[in-house]
Amino acid sequence: MECVVQGIIETQHVEALEILLQGLCGVHKQSLRIHELCLKSVPNLGLVASDIRLLCDLEQPEPAWTVRHVGGPMRGAGAEQISVLVRPMQESKISKNALRLFYSLGYKLDHEQLRVGFAFHFQRGAHITVTVSSINKMLKPHAIDDAVPVTPGIQLVEVTAPASSENYNEVVASVSSFCEYLAPLLHLSKPGVSTGVVPTAAAAAASLMSDGGGTK
(Lines give C-alpha, C1' and ligand atoms only; values in the text may rest on other atoms or scores of the structure.)
Protein backbone atom coordinates (compact mmCIF):
# COMPACT_ATOMS: atom_id res chain seq x y z
CA MET A 1 0.00 0.00 0.00
CA GLU A 2 0.97 3.63 -0.28
CA CYS A 3 -0.23 6.92 1.15
CA VAL A 4 -0.22 9.85 -1.27
CA VAL A 5 -1.15 13.52 -1.59
CA GLN A 6 -0.57 15.90 -4.47
CA GLY A 7 -0.53 19.61 -5.18
CA ILE A 8 0.71 22.14 -7.71
CA ILE A 9 3.11 25.04 -7.48
CA GLU A 10 4.16 27.76 -9.90
CA THR A 11 7.60 27.16 -11.38
CA GLN A 12 8.81 30.55 -10.14
CA HIS A 13 8.37 29.32 -6.54
CA VAL A 14 10.04 25.92 -6.96
CA GLU A 15 13.46 27.14 -5.79
CA ALA A 16 11.89 28.43 -2.55
CA LEU A 17 10.18 25.06 -2.08
CA GLU A 18 13.52 23.34 -2.59
CA ILE A 19 15.10 25.49 0.13
CA LEU A 20 12.24 24.63 2.49
CA LEU A 21 12.49 20.91 1.73
CA GLN A 22 16.25 20.93 2.17
CA GLY A 23 15.85 22.40 5.64
CA LEU A 24 13.04 20.04 6.63
CA CYS A 25 14.54 16.84 5.26
CA GLY A 26 18.23 17.33 6.02
CA VAL A 27 19.22 15.35 2.91
CA HIS A 28 20.34 16.27 -0.58
CA LYS A 29 17.87 16.22 -3.42
CA GLN A 30 18.09 13.67 -6.22
CA SER A 31 17.56 14.61 -9.85
CA LEU A 32 14.46 13.14 -11.46
CA ARG A 33 13.99 12.28 -15.13
CA ILE A 34 11.48 9.52 -15.70
CA HIS A 35 9.88 8.32 -18.92
CA GLU A 36 6.46 6.97 -17.96
CA LEU A 37 4.29 4.79 -20.20
CA CYS A 38 0.69 3.99 -19.25
CA LEU A 39 -0.60 0.70 -20.67
CA LYS A 40 -4.20 -0.51 -20.65
CA SER A 41 -5.41 -4.07 -20.93
CA VAL A 42 -7.77 -5.23 -23.68
CA PRO A 43 -11.04 -7.12 -23.00
CA ASN A 44 -9.59 -10.58 -23.63
CA LEU A 45 -7.29 -10.17 -20.59
CA GLY A 46 -10.15 -10.33 -18.09
CA LEU A 47 -13.42 -8.81 -16.99
CA VAL A 48 -11.80 -5.97 -15.07
CA ALA A 49 -9.74 -3.40 -16.95
CA SER A 50 -6.16 -3.18 -15.80
CA ASP A 51 -3.77 -0.22 -16.04
CA ILE A 52 -0.06 -0.55 -15.47
CA ARG A 53 2.76 1.94 -15.73
CA LEU A 54 6.25 1.31 -17.00
CA LEU A 55 8.78 3.76 -15.57
CA CYS A 56 12.20 4.25 -17.08
CA ASP A 57 14.67 6.09 -14.82
CA LEU A 58 16.80 8.10 -17.26
CA GLU A 59 19.04 9.48 -14.50
CA GLN A 60 20.79 6.14 -14.09
CA PRO A 61 24.00 5.38 -16.05
CA GLU A 62 22.01 2.57 -17.66
CA PRO A 63 18.25 3.31 -17.92
CA ALA A 64 16.45 1.28 -15.22
CA TRP A 65 12.90 0.02 -15.74
CA THR A 66 10.15 -0.50 -13.15
CA VAL A 67 6.59 -1.76 -13.54
CA ARG A 68 3.93 -0.31 -11.23
CA HIS A 69 0.30 -1.23 -10.67
CA VAL A 70 -1.86 1.08 -8.57
CA GLY A 71 -5.21 -0.13 -7.28
CA GLY A 72 -8.32 1.79 -6.34
CA PRO A 73 -8.40 4.01 -3.24
CA MET A 74 -9.38 2.65 0.15
CA ARG A 75 -13.08 3.27 0.75
CA GLY A 76 -15.37 3.53 3.73
CA ALA A 77 -16.21 6.04 6.42
CA GLY A 78 -12.66 6.01 7.79
CA ALA A 79 -11.12 6.72 4.39
CA GLU A 80 -13.41 9.70 3.80
CA GLN A 81 -12.33 11.33 7.05
CA ILE A 82 -8.60 11.42 6.34
CA SER A 83 -6.89 13.92 4.03
CA VAL A 84 -4.45 11.37 2.59
CA LEU A 85 -5.30 8.83 -0.12
CA VAL A 86 -4.51 5.22 0.83
CA ARG A 87 -4.35 2.71 -2.03
CA PRO A 88 -2.78 -0.65 -2.90
CA MET A 89 0.37 -0.46 -5.00
CA GLN A 90 2.73 -3.10 -6.37
CA GLU A 91 6.08 -2.25 -7.91
CA SER A 92 8.90 -4.37 -9.30
CA LYS A 93 12.13 -3.97 -11.25
CA ILE A 94 11.97 -5.28 -14.80
CA SER A 95 14.20 -5.60 -17.86
CA LYS A 96 14.36 -3.21 -20.80
CA ASN A 97 12.32 -5.69 -22.85
CA ALA A 98 9.24 -5.16 -20.66
CA LEU A 99 7.33 -3.01 -23.14
CA ARG A 100 7.62 -5.72 -25.79
CA LEU A 101 6.45 -8.30 -23.24
CA PHE A 102 3.32 -6.38 -22.26
CA TYR A 103 2.49 -5.70 -25.92
CA SER A 104 2.68 -9.46 -26.52
CA LEU A 105 0.32 -10.01 -23.57
CA GLY A 106 -2.25 -7.77 -25.21
CA TYR A 107 -1.70 -4.44 -23.45
CA LYS A 108 -1.95 -1.25 -25.49
CA LEU A 109 -0.14 2.06 -24.99
CA ASP A 110 -2.63 4.66 -23.70
CA HIS A 111 -0.29 7.60 -23.20
CA GLU A 112 3.24 8.45 -22.15
CA GLN A 113 4.90 11.37 -20.41
CA LEU A 114 8.26 12.64 -19.22
CA ARG A 115 8.65 13.80 -15.62
CA VAL A 116 11.60 16.11 -14.98
CA GLY A 117 12.50 17.58 -11.60
CA PHE A 118 13.90 16.41 -8.27
CA ALA A 119 13.04 14.28 -5.26
CA PHE A 120 13.81 14.09 -1.55
CA HIS A 121 13.80 10.74 0.29
CA PHE A 122 13.88 10.83 4.10
CA GLN A 123 12.61 9.31 7.33
CA ARG A 124 10.12 11.33 9.37
CA GLY A 125 7.84 8.95 11.24
CA ALA A 126 7.62 7.07 7.93
CA HIS A 127 9.79 6.70 4.83
CA ILE A 128 8.55 9.77 2.92
CA THR A 129 9.33 10.76 -0.66
CA VAL A 130 8.63 14.23 -2.03
CA THR A 131 8.84 14.73 -5.79
CA VAL A 132 8.64 18.06 -7.60
CA SER A 133 8.39 17.71 -11.35
CA SER A 134 7.28 19.18 -14.63
CA ILE A 135 4.96 16.86 -16.58
CA ASN A 136 5.77 16.78 -20.28
CA LYS A 137 3.88 15.16 -23.15
CA MET A 138 5.33 13.51 -26.24
CA LEU A 139 4.60 15.02 -29.64
CA LYS A 140 5.57 11.70 -31.22
CA PRO A 141 5.67 8.20 -29.66
CA HIS A 142 8.74 7.76 -27.41
CA ALA A 143 10.24 11.10 -28.57
CA ILE A 144 11.40 12.21 -25.12
CA ASP A 145 13.85 14.78 -26.52
CA ASP A 146 10.94 16.70 -28.06
CA ALA A 147 8.63 16.54 -25.04
CA VAL A 148 6.82 19.76 -24.12
CA PRO A 149 5.23 20.81 -20.78
CA VAL A 150 1.57 19.89 -20.32
CA THR A 151 1.01 22.94 -18.09
CA PRO A 152 3.78 25.51 -18.66
CA GLY A 153 4.68 27.41 -15.52
CA ILE A 154 3.16 24.78 -13.19
CA GLN A 155 4.86 21.83 -11.51
CA LEU A 156 3.40 18.83 -9.70
CA VAL A 157 4.33 18.12 -6.08
CA GLU A 158 3.68 14.63 -4.75
CA VAL A 159 4.24 13.27 -1.25
CA THR A 160 4.17 9.48 -0.89
CA ALA A 161 5.00 6.91 1.78
CA PRO A 162 4.76 3.10 1.78
CA ALA A 163 2.32 1.58 4.25
CA SER A 164 0.63 -1.69 5.20
CA SER A 165 -2.84 -2.62 6.43
CA GLU A 166 -1.42 -2.70 9.97
CA ASN A 167 0.32 0.70 10.07
CA TYR A 168 -1.38 2.95 7.50
CA ASN A 169 -2.98 5.09 10.23
CA GLU A 170 0.46 5.97 11.60
CA VAL A 171 1.81 6.65 8.10
CA VAL A 172 -1.17 8.88 7.27
CA ALA A 173 -0.49 10.86 10.45
CA SER A 174 3.19 11.28 9.54
CA VAL A 175 2.39 12.44 5.99
CA SER A 176 -0.30 14.84 7.20
CA SER A 177 2.02 16.30 9.82
CA PHE A 178 4.80 16.84 7.31
CA CYS A 179 2.48 18.48 4.78
CA GLU A 180 1.57 21.18 7.30
CA TYR A 181 5.11 22.57 6.97
CA LEU A 182 4.54 23.10 3.23
CA ALA A 183 1.19 24.85 3.63
CA PRO A 184 2.51 28.41 3.07
CA LEU A 185 3.64 27.41 -0.44
CA LEU A 186 1.07 24.88 -1.64
CA HIS A 187 -2.07 22.92 -0.82
CA LEU A 188 -1.69 19.14 -0.77
CA SER A 189 -4.74 16.91 -1.10
CA LYS A 190 -5.86 13.53 -2.40
CA PRO A 191 -5.07 12.97 -6.10
CA GLY A 192 -7.94 14.17 -8.25
CA VAL A 193 -8.99 16.86 -5.77
CA SER A 194 -7.91 20.16 -7.33
CA THR A 195 -7.04 22.90 -4.85
CA GLY A 196 -5.09 25.25 -7.14
CA VAL A 197 -2.15 27.42 -6.17
CA VAL A 198 -1.87 29.08 -2.76
CA PRO A 199 -2.52 32.85 -2.62
CA THR A 200 0.21 33.25 0.01
CA ALA A 201 2.84 31.41 -2.08
CA ALA A 202 4.53 34.53 -3.43
CA ALA A 203 5.05 36.07 0.02
CA ALA A 204 6.17 32.76 1.53
CA ALA A 205 8.59 32.17 -1.35
CA ALA A 206 10.07 35.65 -1.00
CA SER A 207 10.65 35.07 2.71
CA LEU A 208 12.31 31.70 2.09
CA MET A 209 14.51 33.08 -0.65
CA SER A 210 15.60 35.90 1.65
CA ASP A 211 16.39 33.54 4.52
CA GLY A 212 18.06 31.04 2.20
CA GLY A 213 20.09 33.66 0.42
CA GLY A 214 18.72 32.50 -2.91
CA THR A 215 21.13 29.57 -2.94
CA LYS A 216 20.36 25.93 -3.60
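Visitor: Which strand gives the most to the lining of the largest pocket?
Guide: E2 does, with seven residues. Strands are DSSP E runs of at least two residues, and helices are H or I runs of at least four, numbered from the N terminus. This is a predicted model, in which local features need pLDDT of at least 70 and side-chain atom pairs count only at pLDDT 80 or more, while totals for chains, interfaces and linings use all residues. Residues are numbered from 1 along each chain as its sequence is written, and side-chain values use heavy atoms, without hydrogens or water.

Visitor: How many residues line the largest pocket?
Guide: There are 42 in the lining, and Leu55, Arg68, Glu91, Arg115 and Glu158 lie nearest the centre of the pocket. A pocket here is an open set of 1 Å grid points where a 1.4 Å probe fits, with protein on both sides within 12 Å along at least five of seven lines; lining residues have an atom within 4 Å of a point.

Visitor: Which strands each supply at least two residues of that lining?
Guide: E1 (2-10), E2 (30-40), E3 (51-57), E4 (64-70), E6 (89-94), E7 (108-123), E8 (127-137) and E10 (154-162).

Visitor: What is the volume of the largest pocket?
Guide: About 1200 Å³, taken as the space filled by probe spheres set on the grid points.

Visitor: And the volume of the second largest pocket, what is that?
Guide: About 160 Å³. Of its 13 lining residues, Gln6, Gly7, Ile8, Val193 and Ser194 are the closest to the centre. E1 gives the most to this lining, with three residues.

Visitor: Changing topic. How many aromatic pairs are there in the whole structure?
Guide: A search finds three. One of them is Phe102 with Tyr107: their ring centres are 5.5 Å apart and the planes stand at 90°, so this pair is edge-to-face. Rings pair if their centres lie within 6.5 Å, and planes under 30 degrees apart count as stacked, over 60 as edge-to-face, the rest as tilted.

Visitor: Are Phe102 and Tyr107 buried or exposed?
Guide: Phe102 and Tyr107 are both buried, where buried means under 20% relative accessible area, exposed over 50% and partly exposed in between (1.4 Å probe, protein chains only).
Another of the pairs is Phe118 with Phe120, with centres 5.9 Å apart and planes at 90°, so it is edge-to-face. Phe118 is buried at 6% relative accessible area, and Phe120 is buried at 0%.

Visitor: What sits over the ring of Phe118?
Guide: The charged end of Lys29, 5.1 Å from the ring centre. The test is NZ of Lys or CZ of Arg within 6 Å of the centre and within 35 degrees of the ring normal.

Visitor: What about Cys25?
Guide: For Cys25, the closest cysteine sulfur is also in Cys179, 11 Å away and too far for a bond. Cys25 counts as buried at 12% relative accessibility.

Visitor: Last one: where is His142 found?
Guide: His142 is in the loop between E8 and strand E9 (148-149). Its phi is near 65°, a positive value in a residue other than glycine. Most residues other than glycine have a negative phi. At 39% relative accessibility, His142 counts as partly exposed.

How values were computed
Rings of Phe, Tyr and Trp (its six-membered ring) pair if their centres lie within 6.5 Å; planes under 30 degrees apart count as stacked, over 60 as edge-to-face and the rest as tilted. A disulfide is a pair of cysteine sulfur atoms within 2.5 Å.
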